[in-house]
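User: I would like to learn how to read a model of this kind. Please take me through it one feature at a time.

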Amino acid sequence: MKTIENYNFESKKALIRVDFNVPLNDKLEITDDTRIKAALPTINKILNDNGSVVLMSHLGRPKGTEQKFSLKNILPHISQLLDREVKFADDCISDNAQTMKKDLKPGEVLLLENLRFYSEEKKGDEEFAKKLSQNIDVYVNDAFGTAHRAHASTTIVAKFFPENKMFGFLINNELKNMDKVLHEPGHPFTAIIGGAKVSSKISIIINLLDKVDNLIIGGGMTYTFIKAQGGKIGNSLVEDDKLNTALEVIKKAKEKNVKLILPVDSLNADKFANDANTKITKIDEVDDSWLGLDIAEVSIKLFSNIIEKSKTILWNGPMGVFEMENFANGTVQIAKAIARATDNGAFSLVGGGDSVAAINKFKLANKISYVSTGGGAMLEYMEGKTLPGIKAIKE
Ligand code: AMP
């Protein structure tokens, strides 16, 4: 298989699907350029080989052509990071874009306009993908965040490069780190799954039951597990149609000898607000009309002990409503426990939008072995699903 490492891009034109879907403020300035920086190793390798680069990405959720989602807004920043001029095609498949691709010289970079200005992109339209593929020698997918979508630029376009397609460094890295956790974890292996709902995490939980020694559950979904076992949860978040699912998970964990650890105490609030009155109770004794919004001290100690004895740690989903300062402590303390375990030699992988946001907010990213860039994509890979964008390259 051709790889980004062993391929010689000399005089080749590479079409790279990048994820430049960066957050912008009201003035259309980039507030976090992590995603652009993550693509630099791939772009620079191709340029250093004396190849030329065509970049394609989506930005935001435009309905048709909307200038506030134009990639032209981020062109100067890309140019600055690459330390060279970047040309811009104001339509990703027009005749003009084709001419610009054709005329591109070694060492030159061209950015195509937002792919999602065309509805064909998300539909995975083949004609649209074919136009993207024209005047190009090699296709490189380095957009992990969209690898779980069968879009034209992430999946369909690959079929026009049967001999010349590969992952970029970022996707390679994501796969290497996720595979390490899924297929060759050091033991004990502890997964910490939090967040709002059982329904959105059930597939990953089921898949992990075959792999982990410890499964720690936290966050809003806790209360569905507690109610299912007859506990009192007051007004806490609950999915009444998932009570049986929760019992099923408890049963499966027992069968598979997985230690399932639920919080034992709860930090409760009398309303869903940062300035609510608070009270700590046992996890299954939340008073009527109160809601559990975070794990409390005893749970933090219990979880931290297990985490610090682990050799592999996977974390997805916050332990409480960490967006509110008064209910962030559980998530902060668990993040810190993972950082300490990592310091002591454990391998830790954190992924999924909110846990990554938490890690960044608490400035702990450099204390984690690997922080995944893909929210939904990471979750689906960990669920054991085949991601269309990954399959399209491997096949
Ligand atoms: P997810 O996207 O499923 O990982 O869920 C993340 C969201 O879960 C965050 O916005 C948290 O505020 C929310 N969350 C975590 N714990 C609780 C809780 N105890 N009650 C309500 N929401 C929660």
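Analyst: Let us begin with the ligand: a backbone N or O atom of A196 lies 3.0 Å from one of its oxygen atoms. Such a pair is a polar contact, that is, two N or O atoms within 3.5 Å; within protein, one atom must be able to donate a hydrogen and the other to accept it, and residues adjacent in sequence count only if both atoms are side-chain atoms. The model is predicted, with local features requiring pLDDT of at least 70 and side-chain atom pairs pLDDT 80 or more, while totals for chains, interfaces and linings use all residues. Residues are numbered from 1 along each chain as its sequence is written, and side-chain values use heavy atoms, with hydrogens and water left out.

User: How many residues surround the ligand?

Analyst: The shell holds 16 residues, and the closest are A196, K201, G292, E323 and D354. A residue is near a molecule or strand if one of its heavy atoms lies within 4 Å of it. By type, the shell divides into six nonpolar, seven polar and three charged residues. Here Ala, Val, Leu, Ile, Met, Phe, Trp, Tyr, Cys and Pro count as nonpolar, Asp, Glu, Lys and Arg as charged, and the others, Gly among them, as polar.

User: How should I read the backbone angles?

Analyst: Most residues other than glycine have a negative phi, and most peptide bonds are trans. In this model, a cis peptide bond joins H187 and P188, with omega about 0°. P188 lies in the loop between α6 (169-183) and β7 (189-193). N50, in the loop between α1 (34-48) and β2 (52-56), has a positive phi near 75° although it is not a glycine.

User: Where is D83 found, and what is its phi?

Analyst: D83 is found in the loop between α2 (75-82) and β3 (86-89). Its phi is positive, about 60°, and it is not a glycine.

User: Is D83 buried or exposed?

Analyst: D83 counts as exposed because its relative accessibility is 70%. The cut-offs are under 20% relative accessible area for buried and over 50% for exposed, with partly exposed in between (1.4 Å probe, protein chains only). N50, at 33%, is therefore partly exposed.

User: Is S310 buried or exposed?

Analyst: S310 has a relative accessible area of 4%, so it is buried. It is found in the loop between α10 (297-308) and β15 (312-316). A polar atom of its side chain lies 2.8 Å from the backbone oxygen of I306.

User: What does the side chain of N141 reach?

Analyst: The side chain of N141 reaches the backbone oxygen of T154 at 3.4 Å. N141 belongs to strand β5 (residues 138-141), and its relative accessible area of 0% means that it is buried.

User: How should I compare separation along the chain with separation in space?

Analyst: One sets the residue count beside the C-alpha distance. S348, in strand β16 (residues 347-350), is 33 residues from W315 along the chain, with C-alpha atoms separated by 7.8 Å. S348 counts as buried because its relative accessibility is 0%. V350, also found in β16, is 114 residues from S236 in sequence and 26 Å from it in space, C-alpha to C-alpha.

User: Where is K336 found?

Analyst: K336 is found in helix α11 (residues 329-343). K336 and K367 are 31 residues apart in sequence and 8.8 Å apart in space, C-alpha to C-alpha. At 38% relative accessibility, K336 counts as partly exposed.

Notes. Helices (H or I, at least four residues) and strands (E, at least two) are DSSP runs, numbered from the N terminus.
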